[in-house]
Amino acid sequence: TAMVIDSVSLPAADLIITKSSEPLLPLPGQILTYTVIVRNNGPNNVAGAVISDILPAVLINPDWSCSAIGTNCPAASGTGDLSQSVNLPANSQLVYAITAGIPGNFAGELVNTATVTVPLGIVDPDLTNNVASDRITLYPVVGFSDTEYSAGEAGGPVPITVTLNTASTVPVTVTYVVTDGTATVEDYQSDIDQLIFPPGTTSQTLTVTIFDDNLVEDNETVNIELSGAINARGTPTQAVLTIIDDDTVNLSIDKFGTPQTVLPGQRLTYTVVVKNNGNGIATEGRVVDLLPDEVSLIADSIAIEPDNAGNPGAFPPLASNLTISGGAQITVTFAVTVSSPLTSGLVLTNTAIVTSQQTPAPKIATATNTVIAPPALEIVKLGPANAAVGDAVQFTFNVKNNGYARLRDVEVT
């Protein structure tokens, strides 16, 4: 018995599928777009090829749209996974754009595979290009818990929190640098170091040390930058720490003269006490004294205690370039001579004024002292030692004021 076998040649078509994604380095929380291109390189037409793309389950709200060259899309758009039976004439192609959201707390790999399968009755000479995969590694995002921090100057070390948006399965390392903003190294401790997040952790703290300089000044800023993240993304990123100046200068002034009651021609000593009731340093302090007309300054009598607090002046500036720390005080003394003669009961009024760079509004103190000038009259009567009866006799009275006060309406009887 003879058997005859006919060889049947099936039509061939080389179907090709490619897959890509963007952005190239997506971040958690972003929208991811896959592009799937299916092409028939021929030589024969294909009817009923199946395109399949099962998306990673973690993606949020996936949807897709279709565009065609040399053929028609079975559907212009859809949601969820892609699964379509398509007709692909030779040299035609379909392009699918698939978009989906990446969860904000996702870290790890997204692996997505798309396939195209020829129907029965068609031979695909190269099956290696019927499968296309896209693999994306999403690292956790490292960053500051806030972009702006603030602290009082006397608040001590300031904690700055750095976070991962989700825990990692491997250690995460990031470098931080603390540098000048408007602040300088006199205001804070510059630093460069690393933070390490062990697997499973999402928060680490760095510390910025600030210095309390007791100077009254504007608020100042320090820049903090993260860079060089390993096994994480999101750097470089920057935060700003504002150092809030909490130093104040509050000057008060007091003045008195001793002795309280003075005689004309007597020495009178004035004492001026300036106190800084704040916690900041008063600089460029200046005390001006307005002497009454009835006194005159005794040369070289001005003294400042402590003696390094400033420079003695010449009237009306009594002292200048004063520096007074918070809670401290300085004392300025000087002496005058009371004029003579003066009317008893005259009140000597002396005013002192203090200012500083931080407190330009003047603070004023006044001292009053009373002049006491008791009368001291001397009278001498002069006349002839002898006189005859009937002679005219002339007497002379000499009246002298030996006191310090001017006397008026003096009567001699």
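Here are some friendly notes on this predicted model, going from the whole chain to single residues.

1. **Overall build.** The protein chain has zero helices and 30 strands. Its radius of gyration is 50 Å, well over the 22 Å that the globule rule gives for 413 residues, so the chain is more spread out than a compact globule. Along the principal axes, the C-alpha atoms fill a box of roughly 210 × 40 × 25 Å.

2. Of the 413 residues in the protein chain, 36% are buried. The exposed surface comes to about 21600 Å², and carbon and sulfur atoms supply 52% of that area. If you look at contacts between residues at least 6 apart in sequence, 70% of them join residues at least 24 apart.

3. **Charge.** You will find 13 positive and 39 negative side chains in the protein chain. The centres of these two sets lie 19 Å apart.

4. S92 sits in the loop between β6 (82-88) and β7 (93-101). Is S92 buried or exposed? With a relative accessible area of 0%, S92 falls under the 20% cut-off and therefore counts as buried. A polar atom of the S92 side chain lies 2.6 Å from the backbone oxygen of P89. Beyond its neighbours within four places in sequence, S92 is in contact with V38, R39, N40, I69, G70 and T71.

5. **S20, for contrast.** S20 belongs to strand β1 (residues 13-22) and is partly exposed, at 36% relative accessible area. Its contacts, leaving aside neighbours within four places in sequence, are T33, Y34, T35 and D134. T35 is 15 residues away from S20 in sequence, yet their C-alpha atoms are 5.3 Å apart in space.

6. **Cis peptide bonds.** T258 and P259 are joined by a cis peptide bond, with omega about 0°; P259 lies in the loop between β18 (251-258) and β19 (261-262). The bond from E305 to P306 is cis, with omega near 0°, and P306 is in the loop between β23 (303-305) and β24 (311-312).

7. **Positive phi values.** N214, a residue other than glycine, has a positive phi near 60°. It is placed in the loop between β15 (203-208) and β16 (220-230), and at 28% relative accessibility N214 is partly exposed. E284 is not a glycine either, and its phi is positive at about 55°. E284 is part of strand β21 (residues 282-290) and counts as exposed, at 51% relative accessibility.

Methods:
Residues are numbered from 1 along each chain as its sequence is written. This is a predicted model: local features need pLDDT of at least 70, side-chain atom pairs count only at pLDDT 80 or more; totals for chains, interfaces and linings use all residues. Side-chain values use heavy atoms; hydrogens and water are left out. Helices (H or I, at least four residues) and strands (E, at least two) are DSSP runs, numbered from the N terminus. Buried means under 20% relative accessible area, exposed over 50%, partly exposed in between (1.4 Å probe, protein chains only). A polar contact is a pair of N or O atoms within 3.5 Å; within protein, one must be able to donate a hydrogen and the other to accept it, and residues adjacent in sequence count only if both atoms are side-chain atoms. Contact means heavy atoms within 4.5 Å. The radius of gyration is taken over C-alpha atoms; the globule rule is 2.2 Å times the number of residues to the power 0.38. Accessible areas come from the Shrake-Rupley method with a 1.4 Å probe; for residues, only the protein chains shown count as cover. Lys and Arg count as positive and Asp and Glu as negative; His and the chain ends are not counted. The place of a charge is taken as NZ of Lys, CZ of Arg, CG of Asp or CD of Glu.
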